[in-house]
Amino acid sequence: HAILSALYMIRFDVNTAVRQRCMSVWKSVVANTPKTLREIMPTLMLTHIDCMGSLSNDRSHVTSRTLGDIVAKLGERVLPEIIPILETGLSSSAVSQRQGVCMGLSEVISAAGKQQLTVYLVDVIPAVRKALQDKNEEVREAAAQAFDMLYLSIGPKALDDILPPLLALLSPSSSTEDKEPILDALRQILLVRAHAVMPYLIPKLLTPPLTPSNAMALRNLASVAGSALN
């Protein structure tokens with residue numbers, strides 16, 4: 001199973017020649033891909049966990065693309081296994097693994113149909129929200145991409161479920177150190193989806209009384225909002 005797992009993942013290598021050769025080998029040894037995937041899934045997921053912690057961008061890319069392909073082929077049969085693994089990965093001490101998890105989340109959200117994803121939103125939304133609150137900027141940037149995929153899948157519900165809890169963390173009682181990751185998360189979200197997010201944020205941040213925290217947030221976010229302010 002370890003060899004088949006590695007072979008399946010290499011089918012998504014960044015090198016075209018390697019990818020094509022591996023696809024040819026896979027087709028020659030595997031008659032039924034969905035059936036084989038179900039059989040090797042435990043080993044394949046263990047391999048994914050290891051790769052999520054890789055400092056190599058190529059390995060992270062391969063891992064996330066593989067996850068997306070698995071979801072596309074197996075759908076709801078495999079989501080209950082994949083999502084808890086991704087949730088666990090967000091608690092890793094390795095920044096590269098948390099970043100890899102966000103890339104995996106993006107692929108999973110993108111590959112899952114809206115109907116399939118709706119069943120698992122109770123787990124997916126907290127995972128995206130947790131990733132956006134990460135202390136590391138690169139993780140937050142990757143989490144914003146996952147948010148973007150979520151918005152494309154479920155629309156305004158993504159705003160309602162993700163943004164209010166983040167805004168609540170900008171309360172006057174929060175320290176500047178605690179607020180900065182949240183402000184950056186909002187900036188990262190605006191960079192990918194400004195025209196949907198800024199009209200949602202402005203009324204909430206301007207709700208009387210206008211607190212110093214909200215005024216600071218508006219000032220920070222305006223710098224990246226661009227034409228969304230018009």
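What follows is a short chat about a predicted model of one protein chain.

Visitor: What kind of model is this, and how are residues numbered?
Guide: It is a predicted model, in which local features need pLDDT of at least 70 and side-chain atom pairs count only at pLDDT 80 or more, while totals for chains, interfaces and linings use all residues. Residues are numbered from 1 along each chain as its sequence is written, and side-chain values use heavy atoms, with hydrogens and water left out.

Visitor: How many helices and strands does the protein chain have?
Guide: There are twelve helices and zero strands. Helices (H or I, at least four residues) and strands (E, at least two) are DSSP runs, numbered from the N terminus.

Visitor: Why call the protein chain compact?
Guide: Its radius of gyration is 19 Å, close to the 17 Å that the globule rule gives for 230 residues, so the protein chain is as compact as a globular protein of that length. The radius is taken over C-alpha atoms, and the rule is 2.2 Å times the number of residues to the power 0.38.

Visitor: What does the C-alpha trace span?
Guide: About 65 × 35 × 30 Å along the principal axes of the protein chain.

Visitor: And how much of the protein chain is buried?
Guide: Of its 230 residues, 47% count as buried. Buried means under 20% relative accessible area, exposed over 50%, and partly exposed in between (1.4 Å probe, protein chains only).

Visitor: Which residues have the most contacts inside the largest nonpolar core?
Guide: They are I82, V128, L150, I162 and L163, in a core of 71 residues. Helix α11 (residues 176–205) gives the most to this core, with 13 residues. Such a core is a set of buried Ala, Val, Leu, Ile, Met, Phe, Trp, Tyr and Cys residues joined through side-chain atoms within 4.5 Å. In soluble globular proteins, nonpolar side chains tend to be buried together.

Visitor: What does L150 touch?
Guide: Not counting residues up to four places away in sequence, L150 touches I109, L117, L121, V124, I125, G155, A158 and I162. Contact means heavy atoms within 4.5 Å.

Visitor: Different topic. Where is S213, and is S213 buried or exposed?
Guide: S213 is in helix α12, and S213 is buried, with a relative accessible area of 5%. For S213 and S171, 42 residues apart along the chain, the C-alpha atoms are separated by 6.5 Å.

Visitor: What about A222?
Guide: A222 also lies in helix α12, where A222 is partly exposed at a relative accessible area of 34%. A222 and R187 are 35 residues apart in sequence but 9.0 Å apart in space, C-alpha to C-alpha.

Visitor: Which peptide bond is cis?
Guide: The one from P208 to P209, with omega near -5°. P209 is found in the loop between α11 and α12 (212–225).
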